[in-house]
Amino acid sequence: MTARALPLAVLAFRDPSRLVHFSLAEWELLLRQSAAANLQARLYALLEERGELAAIPSLALRHLRWTDTIARRHWRGVHWEVEQIRRALSGLGQPLILLKGAAYTMAGLALARGRLYSDVDILVGEDQLDQVESALMLHGWVATHLDDYDQRYYRQWMHELPPMVHIKRESAIDVHHAILPRTAPVHPDPAQLRAAAVAVPGHPGLQVLSPPDMVLHSTTHLFFDGELDHGLRDLVDIHYLLREFGHQPGFWEALAVRARTLQLERPLFYALRYCSRLLATPLPPEADALRNAGRPAPLLLAVMDRLFERALLPVHASCSDAWTGVARFCVYVRGNWLRMPPLLLVRHLFQKAFLSPKDVPEDPPGAEAEQARP
Amino acid sequence: MTAVPTGPTLASLSRAELSARLAHGLVFRTGQFTVRLQCAIGSVTEGLHRLYGAHPLLDDDAFVDFHLRMKRPATLRRWYRPKVDLLYDGQAIFKPLPLAQAFPLFEWGLNWCVANRAHTYLMIHAAVLERGGRAVILPAPPGSGKSTLCAALAHRGWRLLSDELTLIRLDDGHVVPVPRPISLKNASIGVMRAFLDQPVFSDEVADTAKGTIAHLLAPADAVARGAESARPAWVIFPKYRAGSPSLLEPMPKAQAHLELAQNAFNYSLLMEQGFDTLGLVIGMSGCYRYTYSVLDEAIAVFDGLAAQP
């Protein structure tokens, strides 16, 4: 794929020096694409880091400031929420291990600035699931997804409890005991992930995954998942993680060893490939060993390139071609295929297509019903 | 203060031209925002034709803040239970509504755009009007008669800034207009038909989530002056009560601050900035509760306030 053909929302992160040269019309399109990809607040943070906020058209900057207001509230909200969870689970006598966005934020990583959150993800031992669930319920979190099929789906087959939501704050928490479903073909050992977790300076009682594990979890999440609605955001996360950790001595070697141990060489291969191809993520010579470790057969790779280089783009009309719908469908089926054996998958897709209630947008309205929630 | 814009308005288009522009995307301005609406639904064309004549018409290549599209879902039900979807840049923001509610849906959708996006303002669910450079903010829950009072004042010497969305600038606490048609419900529609001389309404739409709805034309001068902000001078919580005498009661400022915050869309989102800005507004304003039953008495009371130095 040539850089010329890439959507503006990809170019913005691939080569940020171009941002100040975009025309007003390009900015309008970039704002739309980045909003669809959930990357608008990150774009604001990027310009702020570069000291270029004053160099872009004021009409565009206004939109970025709108979104940044939400991001700042989310940043504060995550700190508060994590503290509430830590207190609720303090009786377990274990450090609280955070995953994904909450981990990036609490660890103070660069990519946390300008990230929006829908929930907090935590990792606990499978033998502690019951205790954790009870403790959270005692502190006001209640289970969602109460129908029998969903309960069974989560508890029997998945790697997490059904999402829980706080009854007053309406904040969501995902309690994971592993990073892939029980039904997936590979089982990265969660005990190893927990054992290697590192403390968060300044936040006693909190841990996050070690840098290589954090990258591997992020890549696994993206390349085992069927729904890539925020695919570009997740790829940009990995791009930033690699840039942040890539300078640490021994990081790339540790990443290679860890990917092999945890059976996650394939998703890592894809992550590095599409980070490099779409975002031009700098990969040093030390990363060369990784480029080939999880490489699929050439024909399969050619197919995957065509699928992912469409499905990873923002879900926006301007980023779609005639094959985008097909590509997204294939990635959806592939993600589920990887997570479940074939018969179970057929059953699951049937259930989701024909039996489960559909997700629908909110009831209309009246402005008074539209209280913006952090 | 910004000069009154003098470019073309929607009134420069015939109904047929408006319809043609809407089919591929009509770009117009309301206050600080630009909107592109793509829609081939007759009731929406009619609503815009009647109620948006004074709004500035923009070129197709103007910078657009909100991309809206209304379309009928392509399902079999379109033949026996026609519905309409509102898409915000391709994404549905509400459940589909009956096709007859298309114009109110557009109005609600535009409210949604502002209330969910424009976080460089403190946004309060309140009507707001201006006179002599000073603004009166009328926050109130639905059913309090706020829109009726607002519609009456907007036609008796006060400039309409907005009947639903009070936008307060964070740096100086001044109110920025979003002049749009006034949304009236149920009995208020008849009250305003009787009160005003030859009012221009959109067609009444029955059985919406809010009952029967009709939108009243905003005065052309208020729309044309959509870039002129105003300093808050009064915060008044109105309450219509049948048979009640006209009663204006001072309200403690702390109480007014709390109740105004409860009516804000993004008070907690703005955190300290929200608190500080609201404090600025309350500091600049006389705060009152106002109970009324007769519109002419209400207008006299508001005129009395405007006459104060």
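**Entry 1: a helix pair in chain A.** Before judging the pair I noted the cut-off, by which angles of 65 to 115 degrees count as roughly perpendicular. I also kept in mind that this is a predicted model. I then looked up helix H14 (residues 298-311) and helix H15 (residues 324-339) of chain A, which pack at an angle of about 105° with their axes 8 Å apart. H14(A) and H15(A) are therefore roughly perpendicular to each other. On the H14(A) side I listed A:Arg306, A:Leu307, A:Arg310 and A:Ala311 as making the contact, and on the H15(A) side A:Thr324, A:Ala327, A:Arg328, A:Cys330 and A:Val331. Sorted by class, this contact has five nonpolar, one polar and three charged residues.

**Entry 2: the largest nonpolar core.** I asked which residues of the largest nonpolar core touch the most other members. Of its 198 residues, these are A:Leu98, A:Ile122 and B:Leu129. Helix H3 (residues 102-117) of chain B gives the most to this core, with 10 residues. Because domain 1 (10-117) and domain 2 (121-307) of chain B both give residues to the core, it lies between them.

Entry 3: The C-alpha centres of domain 1 and domain 2 of chain B lie 25 Å apart, and 18 residues of domain 1 of chain B are in contact with 23 residues of domain 2 of chain B. On the side of domain 1 that touches domain 2, helix H2 (42-51) and H3 of chain B each supply at least two residues, and H3(B) gives the most, with six residues. By class, I recorded eight nonpolar, eight polar and two charged residues for that side of domain 1 of chain B.

Entry 4: Most residues other than glycine have a negative phi. Is B:Asp207 buried or exposed? B:Asp207 counts as exposed, because it has 11 C-beta neighbours inside 10 Å. I also noted B:Met271, with a positive phi near 55°, in the loop between helix H8 (267-270) and helix H9 (272-284) of chain B. B:Met271 has 16 C-beta neighbours inside 10 Å and so counts as partly exposed.

Methods:
Residues numbered from 1 in each chain as written. Chains lettered and ligands numbered in written order. Predicted model: local features only at pLDDT ≥ 70, side-chain atom pairs only at ≥ 80, totals over all residues. Core = buried A, V, L, I, M, F, W, Y, C linked by C-beta atoms within 7 Å. Buried ≥ 20, exposed ≤ 12 C-beta atoms within 10 Å, placed from the backbone. Helix = DSSP H or I, 4+ residues; strand = E, 2+ residues; numbered from the N terminus. Domains from an automatic or database assignment. Axes fitted to C-alpha atoms, helices over the stretch in contact; angles between N-to-C directions. Parallel < 35°, antiparallel > 145°, perpendicular 65-115°, else oblique. Contact = placed C-beta atoms within 7 Å. Nonpolar A, V, L, I, M, F, W, Y, C, P; charged D, E, K, R; others polar.
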